[in-house]
Each structure stands twice: as C-alpha cells, then as structure tokens.
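User: Could you take a close look at one part of this protein for me? I'm new to reading structures, so please spell out the terms as you go.

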Amino acid sequence: MTLQFSPFLPWLAIAAIGLVGLALAALGFWRGLRGAVIRALALALLVLALANPVFLQEDREALSTVVPVIVDRSQSQDNEQRTAQTNAALEGLKERFARYPRIEPRIVEAGDDGTSDTPSTRLFDALNAAIADVPRSRVGGAILVTDGQVHDIPEASAFSSFEAPVHALVTGRPDEFDRRIEIVSAPRFGIVGEPQELKFRVVDDGAGPGDTARVTVRLNGNEIASEIAQPGTEQPLRFTVPRGGNNILEFEVEPVEGEITTANNRAVHVIEGIRENLRVLLVSGEPHAGERAWRNLLKSDTAIDLVHFTILRPPEKQDGTPINELSLIAFPTRELFVDKINEFDLIIFDRYQHRGVLPILYYDNIAQYVENGGALLIAAGPEHAGNDSIAGTPLSVVLPANPTGAMNEAAFYPRLSDQGKKHPVTRGLEGANEEPPHWGRWFRTVDVQRPDGNVVMEANDGKPLLVLNRAGKGRVAMLLSDQGWLWARGFEGGGPHVSLYRRTAHWLMQEPALEEEALTARTFGRTLQINRQTIGDAPGEATLKLPSGATQQVTLSEAEPGLYRAEVPTAETGLYEITNDDLSALVHVGAVDAPEFKATISTTESLMPLADATKGTVRRLVDAEGETVSLPPLLPVSGQVRTVDENRLSLRMTDETVLKGINSLPLFAGFAGVGLLLLAFSAMWYREGR
C-alpha cells in the first residue's frame, strides 16, 4: 500500500494557505491565546484535506514461468525405439508439469516440414520461435528431447542472454552404431563408351564391428561390380558410361546386424552420358528424290558425323572407261563393313539392293553387328520387292518383315496404328490426331508378310508402313516406302518428316527417353513425378518405397496414350524406389549430402558445452541395457540457477507479475473527511467560547 496526494488546488496555493495557517498558529502560540493548539490542528487538517492524501493498493497477479519443450521429430528420430522413447518422455514431462501450476510448458515438435531440399535438425530455431512473445525474464529453462544430432547449436557465448538452464533428454542407446555409404567424388558428365572413375567410402559411426564391407554397384539397374571396402577408406571405382542421357549409379553396402538404420546404406549418383559425335553410315542404292531428304536431315545435326555413299556405277555397268580415268570414288566395302563397322552408331540402307557391290559375307557381318548392339534402318523402295532385295541375303535374319514381291500403288495418308499412338517414336506427331491426318499423302509402299515387332505406322487397309523391332542386343527399323521426301518438299502441306526420322534414329540408338516399356521418376522440389511408358494395357499401380522403408501404392493415371503418370508429394528426404511389373526406378529427393543422414547415432556430446554454460544437464533416457525410460523430476528454483543438479531438471522461477487493478482510499473523501474537519473546527470554537 502506498500514499499519494491528489490536490484540489495547485500546490502553490496550498503552500500559501499553509503559510498563512502556520503564521496564525504561531501568532496564537506567541500571544498565549486560548485554543491555539486546537486552532493549529484544525488549520493543519484543512491544509491536508486540500492536498487530498490517497492510499493506493495494487492488485497484482504472479506470471507463469514459461518452459519450452522442443521435441525432435526429424528423420533420424524416425525409428521404433527412439519414437517410443520420445513419446514416453513427452508424456512424463506433461505429468510433471501438471504438478506445478505456475509453470507454463510450451511443447513444440520440430521436424522436417518437407519444404527443404537439405533437411537438418534445427531445434534452436524452434526454441527461439516458441519464446519470441515473452521476455527472457519469464523463461525458466528449456528442455530438448532429441537424439543429440542437432545442426543449429549456437555457441555458448552467443546464448548467454538466455540466463536459464538448457536441458537435453537424449534418446537412443550409448552403444549404438551405424554403417553408411557416401560418394566422395564423381563426375557429373561422361562420354559414352569411355571409362570414368569415382570414389566412394563406407563409414562406420559409433562402435561398429570394424570388419570389411561388401558394396554392390549397379548401373541402370544392372550389377556391374561387387567390391570389398574397408570402412573409412576411400575406394575408387572405374566404369564405362553405357548410353546417352541419365545413367544412375547405385551403391548398396550390406547391412550389419544391430545397426540403427539401413536408410543410409544406399547412395545414388546420376551421370549424364554425352555421346561424341554419332557416326552414321548412309548407303544409297541409287540417286533418287528422297536421298537428299535423308542427307539434309543428318547433315543438319551437328552431333552427327555422316558418311554417305551413293552407288552410281554398279558392277554390271560396263562402258569400257578405264578405272583410272573415272572420277568416282570406289566404295570402300572392306573398310566400312569389316574393319570399322563397329565404329558406326547407325547404318542406313536407303533404297539399296544387292547387286554384287557387297560380297555376300558382308551381309552376315552387318547382321552380327546388329545382334551385338548395332542399329540398322532400311528405307525401302520398289527394289526391295524385286529379285535383288536385301531380304534375300543373310541380312534377312535381323529384318522384321519379308517382302511378298508386290508393291501397293495407291495414294494414302500415313496413319498411326494403335501401337503407334502409344509408342514414343510416333506418339504426338503433329497432325496425327486429325482425320484424315493433317499432312500430305504418299503413293506407294512395299507389300510385306506379317512383320515381327511393332507396326507404328500404317498405309491403306492397315498395311505396315513403319516397323520397329529388336534383334539380339540391337535394333532394326523398316520404313516400307520411299515417299517421305514428299513431306520434306511440302507436298499437300508436307508433314513431320524431321520429327519422325529423328525419333526413329534415336530409338535405334537406344535413347532411354524413347523406350516402349520404361519406368522413370524425377523430382520437382518436394514433388515426385512417376512416369510409366507402355504400349500395352494399363500398368496398374506402382509401389513406392520410402527412405524410411515404408511402402505405399500409387495409382498411375493416363496422361497421354501409352504414358501413365502420378505426382506424389514427399515429406522424407532420401532414396525412393519405384517398382511396377518387372521395372524399377530410383530417385533421390533432396540433397544427397543432407546433414540429417551424415550421422544418425545418438550422442550427448554435441549439446554438452551449451548445457554446461547454462547450468543445464544432458542425460540419456535409457541406459545400454534398459528398456524403461527414466525421467528426472523437475526442480523449481527461486532466483538464478547457480549450480548443476545432475539428478533433477532445474528451472528458474520468475518473479514477474502483472497489474490487475488499483484500489484507492482518499482520507478526506465523503462523510468521514467532512466529519473530521467539522469536529476540528467545532472543537476550536468550543474552546475559544469558554
């Protein structure tokens, strides 16, 4: 309770009245007047009444002590034992806080929110956010429930303004160990067919077994190596990039019994295969209108080295001109089809017929080249239906269709077959979705028997026009018409000859994006896109395996004919595996070097310096053998915490209060004040009247 004055007059006026009253009282005392004491007392009460003294009493309420409890829900905590320990500790803390009504716990669960490509455990960001609206004087301490793998621990000196204990309750066991694999250095690009080298390392965290580890290496799903690695030692791996585009290297180290997680036992690296200039051999059987269309297309691609020969003077053409006087270049058949045939990525026979230019044995070389992984394109004209057709040579073993000997001479619109609408070579060709197709007509095709492989384009009455097929490890395409040049010349509006020829050539050279049956995955931020290419029926659901080991079924919806797609939002960071039928794909979401996966064993050492600086404690919830969570009691402390109590969680209780209201009591207000003044003056008059 405090005394304050709320004067009715200015203090100067009250002082003047007081001086007058004092003078009168002094005069009365000096002259010995009767009732001088009472008169002085009455004047003093009058001056005091004018000053209006008021007693004030504040109504205050004690504020609660805020204690943030930060619960680590990051991926390193996402295993059965640690999750159970965390939940048990959280329930135990809630029970203990319930016994202290003046303590306000603020429970915050901190984990990866799925927005960061580089997940990490940031508990102190969550701590600062939890107490941002209260003064530091009200914070009684902080309790972290974590595995100790925290990546935003401040320096102890920078955290000195907190002035309250920071405690850590650590999940996991003290004897944990984990084995993981990491790629130390690797090229991002590589030339197809040339050897490359990268380095990887097996790491044992904690008290690992210390023995060697077997690492299986797969390239594009195929096992290419099985290495024995010594933990902690960098180990080189040499490999050859097999194809252009994305090539996925997968490293998997055998799990060790007792390790805390196998989520980091696999690592992937994507290397972009770059082809040196593709070498294409174009052999034209004779000059014709469509020859230049092929030549112009291939020459326009700077990534292609074209070798083009046109047979101008077949062996049967003899006019007596001496060989040394001819200006023609002799066809180097042995050099091309024996010595250097394997250097070509694609061989094209454009209206070629067997007229003795190539020895019959060379056709067998070409067939072996295809079966060993080569690519062959037959652009057929009328000669393919004649007696000199190359279908009558040993090359026939790799050709998908044999001619009947007849030509179909009638105008037609090339159309996509049912398979062609789904096949990536022909799907979505400009003008194909209209009827008739929005392109020019052709006028003849080679009639063939029922072909092998996939007929992706048709002529009149469903007759094959473009046939794609595999032969051994290689591929063969047959275009059963020589009329494609009409599109190149713009006849009746032309047509998509560039797209058609280029896609066909790249499919022959095994471009991954043009595979008929393929399962691929890619990421856009935290969204995983799954693409399933098929020329068959709907592929059904895909199975998605998450980095944590959990699986989920994903429904694939048709995005285009033959292309099924799904987009899945992801919360976990790491390696995802997608399977459908007998196909599988791997994709890594987020950064491959995310701090969350570099170390996963629980530790008490990382938080110890900060706890020591703030008089807090760091202790495990369970020991090496125990299964039951042991939670220490809370210890509220008045004033600053100056010593560490290893067995209890000390909390500094705040002395902050909030003003709820003020009660005031004026001394001379109301009847009591008036009565007191009347009594004083009445006493004065009474005394003077006697």
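Analyst: Let's take helix H7, which covers residues 360–371 and has 12 residues. From its first C-alpha to its last, H7 reaches 18 Å, close to the 16 Å expected at 1.5 Å a residue. (That expected span is 1.5 Å times one less than the number of residues; helices are DSSP runs of H or I with at least four residues, strands are runs of E with at least two, and both are numbered from the N terminus.)

Before going on, a word on the source: this is a predicted model, where local features need pLDDT of at least 70 and side-chain atom pairs count only at pLDDT 80 or more, while totals for chains, interfaces and linings use all residues. Residues are numbered from 1 along each chain as its sequence is written, and side-chain values use heavy atoms, leaving out hydrogens and water.

So which residues of H7 are buried? They are Tyr 362, Tyr 363, Ile 366, Ala 367, Tyr 369 and Val 370. (Buried means under 20% relative accessible area, exposed means over 50%, and partly exposed is in between, using a 1.4 Å probe and protein chains only.) Look down the axis of H7 and these buried residues fall within an arc of 155°, so they line one face of the helix. The arc is taken from the directions that run from the helix axis to the C-beta atoms. Here's the background: an α-helix has 3.6 residues a turn, so residues three or four places apart point the same way.

What does that buried face pack against? Its partners are helix H6 (333–339) and the strands E17 (346–350), E18 (375–379), E23 (464–471) and E24 (474–479). Contact here means heavy atoms within 4.5 Å. Just after H7 comes Gly 373, with a positive phi of about 120°.

The whole structure has 36 salt bridges, each being a side-chain nitrogen of Lys or Arg within 4 Å of a carboxyl oxygen of Asp or Glu. One of them joins Asp 581 and Arg 532, at 3.1 Å from N to O. This pair links distant parts of the chain, 49 residues apart: Asp 581 sits in the loop between E31 and strand E32 (583–589), and Arg 532 in strand E26 (residues 527–533). Asp 581 counts as exposed because its relative accessibility is 60%, whereas Arg 532 counts as buried because its value is 3%.
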